[in-house]
Structures are given as C-alpha cells and as structure tokens.
Amino acid sequence: MARRHSVAELATNFRPPPRVRYNAEDFGFIVGFPDGEIVLTGPDAIHVLNSATERGSLDPYLLERLTVPDGFHLRTPPLVWLELTRKCNLTCEHCYIDAGHARVREMSTERWIELIDEMAAMGVWAVAFTGGEPTLHKDFAKLVKHSRSRDLLVGIATHGMFLTDELLAELPREGVIVSVSIDDLHTGPRGIPDPTSTAKASIIRAQEHGFLTNVMANTHRRNIGELESLIQWATDHGTSVRSVPMSPIGRGKLHPHLENTVEDVSKAAEFWLKECEWEHEYHAHAGLCVGSIFNYGLSLAYMTRRCSSGRYLCYVAADGTVFPCTMCAGEDIFASGSVANKRFAEVWRSKWPIRERSWSDFAAECEGCPINDDEYYCASRCPAMSHARHGKLDKCGASPFEIASAEYRTKMLNGTSTGRSSNVFVKAVATKETS
C-alpha cells in the first residue's frame, strides 16, 4: 500500500512558483496572493504592485469604499468554468447540466486552445474543467497542460472513473487540483455497483501521483445519515470537501423527492461546519486555487448585493455559449454570447442582462423572510434558482430546508471563528458600499 501523504506534502507539489496576480479594474485593482488572500485596492497601488509585492505594502491602498454602479462587473473574471463536453457515461439524477449526450457542434480542440490563450492574455487567474465528464474529451490532458503552460491555475471536476495511472502521469501536478464527485446518485446504463468506493479509489490514486484533491458532494435525502462518515474519510485522507444541496436544476427537476427537508437541518449543518473548518485548514496549505478564488466571489457578492455570476466568474459551454454560471447554464437562461466565433474579451466586456439585476429585485419577495437580514448570508436571491423553482426570475430560490439551514448555521457560527468571520471576508464587508 502506498504511503498516505499529508496535505502539506501534497501542497509542495501543487503550488506553482510564488507570484502575485493582479488585474486593473474600474475601482483600482483586484490582487491575489500565493497564500490565497484576495484584496481590492485603489488605483494608486500601481506604484507598488508587481509579481512579488508583499501584502503589507498594500495596506495604504486598500479600498475603504467600493462604489457599485449599474452593470457592475470585473473587467476580467478571475475564474472561468470550461465545459469541455456535455458527453458523460452516466445519467445521474442530480446532474445540473443534464449530461449524457454531447452538445451539437461542440468546439474543436484548436478553438479551446485559442480560448485558453485569450483568457491568459486577458488576466484570468484560474479555469475549472467540467462537463459532462471532461476526461471524455479526446484532448483533455492536452488542454490541462496548455492551461498550465499559460500559468492558469486548474481545477478538474470529474466522477473519477477514467483517472487511470496513465492519464494522471500525463497531467502536470503543479497548480492542478483534482476534484472527484463522491455521490451515491451516480447511475449509468449498466449502473455502478459501488460508486462511492470507485470515487474514493480515484482520489487516493490521484494523491499517489502527487495531486491535491477535493471531494465534491451532493447532500440529499438519501445520504443525510452518512455525511459524518464522509467528512471523516476526507479529513483522514487529506482531501478537502465542497458540498452543495440537491437542487431542481437540470435532471434534478425530475427528482424533487431527493431535496433535503427541514428535518435534515441539524445533521446537514453539523457536516457543513466541519466542512468549513477543514476547508479553512486545507486552503492554508493549498493557497490560491480554484476553491479559494471561488470563495472570494461569495464575499464580493455579499459586498455588492449582487450575485458574482457574470460579474466575477462565468461558464463556457462546450458549444461556446457563455453563461453567467453553472446554474444559469443548467436552466439555459442569461446566455450572453458565444466564443465559438468571438474572442472571450469581446463577449465578457459586452452588455449582459444579468448584470442589471441585484438583490433589490427580490425585495418584495424577501419581505418577512426570517433570513432577510444582514446577519445571514442568503445566496437564494438567485435568478437561476428562482427560474428552476417558479419559472420566474425574481422569486425566492430557496427551499424550506435552505432557509432553516441559514438560521441554524448562523447560530452555530456565532461561537466559532469559521466561515463569514474569515480575515478576507471581514475586510471585504468592512469596505463595502452598495448603490
């Protein structure tokens, strides 16, 4: 049996040479440090900014106010999801994109390489390869290697079945995190006898090849009693966890019975708190990566009272259609152009309908809701989830479980130093100004 590696040991392979990443924005700069901290500065920071800038030298330039005009978005998204193909050998009940068959006219490898070059030149920090099943793309390894050659940080979202020793040996370790979905909802034409064990074996195999790894988990009615053992397995094996509740997006609309109910709140919250605590420790070793970059988008959403989708990040479908996020892609709404025959910068910097929307659009709907208060972080002022649940764009996107969970989790957090009280988030909230 191969020796189990610690997160610190694996992070030695993961971390690329230290480099401060920064992009010019209308307000000044967004700056990402190798340790994972992300800050916003005013324009005068240009006098000290370079690839080796020390964090302390930016203190005089940190924003005290962030003005949020109509149509607010970053000129360059730090993170982009790339759906290499919608093809998948599974037909899971919860699949947000209803994967299975490839899209009509999926983009060529040559166009994907051009797109990666465009993103790197524009200043994108990270890409997350997804699907469908991204490893089914014939040039998957080539695209991962090309992304790293352009100094893009990489995340891979996979079910893990095709993570063979041969494929893993071909991929770069530095700057790449392998995220494997551990779900007992994995189903295919022939079924999978033990999908959870298959996914866990893939994670261990990836670690043996020197990769940092992550568990992607969908919480639902069937697995609520097994979440404790999942987080224990993840911490024992040095892999982080990123969970989302089962949602009626994509194929999930056909299986609403899988959504958690209010009876699941306490068990789910206990799992979530341990997940957050472990992720915080994990990111201390991983530094700037897809997960830490995504997390800052949540902070930016809270600061600006606007979802980060289409403002901080976006999703490129396999046929080139650009959506604000995975949820919008699953609902097929707010498509904002195509990079099949346009440069990414041209599409990103065009006018997007979703950028005209803010949390204020939900004001009437949120009136009287128990979590309609700054004390709570509610991510359900979401046009995509509203559309999924109600067929409209300005209704509550939360389930009763999610509302009760927000209340319960906030009470749990009051006695911890985890979650909303992280250093990056407190600094961001303290400097906010919304329009």
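Figure 1. Tyrosine 22 stands opposite valine 31, a residue of strand S2, in a model that is predicted. Strand S2 covers residues 28–32 and is joined to S1 by five bridges, the two strands running antiparallel. Tyrosine 22 is partly exposed, its relative accessible area being 31%.

Figure 2. Three strands, in the order S1-S2-S3, make up an open sheet with antiparallel pairing. Strand S1 (21–25) and strand S3 (38–41) stand at the edges and have a single partner strand each, so one side of each is left without a neighbour in the sheet. From one strand to the next, the twist averages 15 degrees. Helix H8, made of residues 290–304, lies across S2 and S3 and runs at about 45 degrees to S3.

**Figure 3. An edge-to-face pair formed by tyrosine 22 and phenylalanine 29.** The structure holds nine aromatic pairs, and one of them joins tyrosine 22 to phenylalanine 29. Their ring centres are 6.3 Å apart and their planes stand at 70 degrees, so the pair is edge-to-face, given that planes over 60 degrees apart are counted in this way. Phenylalanine 29 counts as buried, with 8% relative accessibility, whereas tyrosine 22 is partly exposed.

Figure 4. Because phenylalanine 344 and tryptophan 348 are four residues apart in helix H10 (residues 344–348), about one helical turn separates them. Both phenylalanine 344 and tryptophan 348 are buried.

Figure 5. Phe344, Trp348 and Trp352 together form one aromatic cluster. Arginine 355 has its charged end over the ring of tryptophan 348, at 4.7 Å from the ring centre. The charged end of arginine 355 also sits over the ring of tryptophan 352, and here the distance from the centre is 4.2 Å.

**Figure 6. Residues 417–435, where pLDDT stays under 50.** The protein averages a pLDDT of 91, and 92% of the residues score at least 70. Over residues 417–435, however, pLDDT stays under 50, and for this stretch the model has 49 contacts beyond four places in sequence.

Key: Residues are numbered from 1 along each chain as its sequence is written. This is a predicted model: local features need pLDDT of at least 70, side-chain atom pairs count only at pLDDT 80 or more; totals for chains, interfaces and linings use all residues. Side-chain values use heavy atoms; hydrogens and water are left out. pLDDT is the predictor's confidence in each residue, from 0 to 100. Contact means heavy atoms within 4.5 Å. Rings of Phe, Tyr and Trp (its six-membered ring) pair if their centres lie within 6.5 Å; planes under 30 degrees apart count as stacked, over 60 as edge-to-face and the rest as tilted. Buried means under 20% relative accessible area, exposed over 50%, partly exposed in between (1.4 Å probe, protein chains only). A charge sits over a ring if NZ of Lys or CZ of Arg is within 6 Å of the ring centre and within 35 degrees of the ring normal. Two strands pair if DSSP finds at least two bridges between them. Axes are lines fitted to C-alpha atoms, for helices over the stretch in contact, and angles run from 0 to 180 degrees between N-to-C directions.
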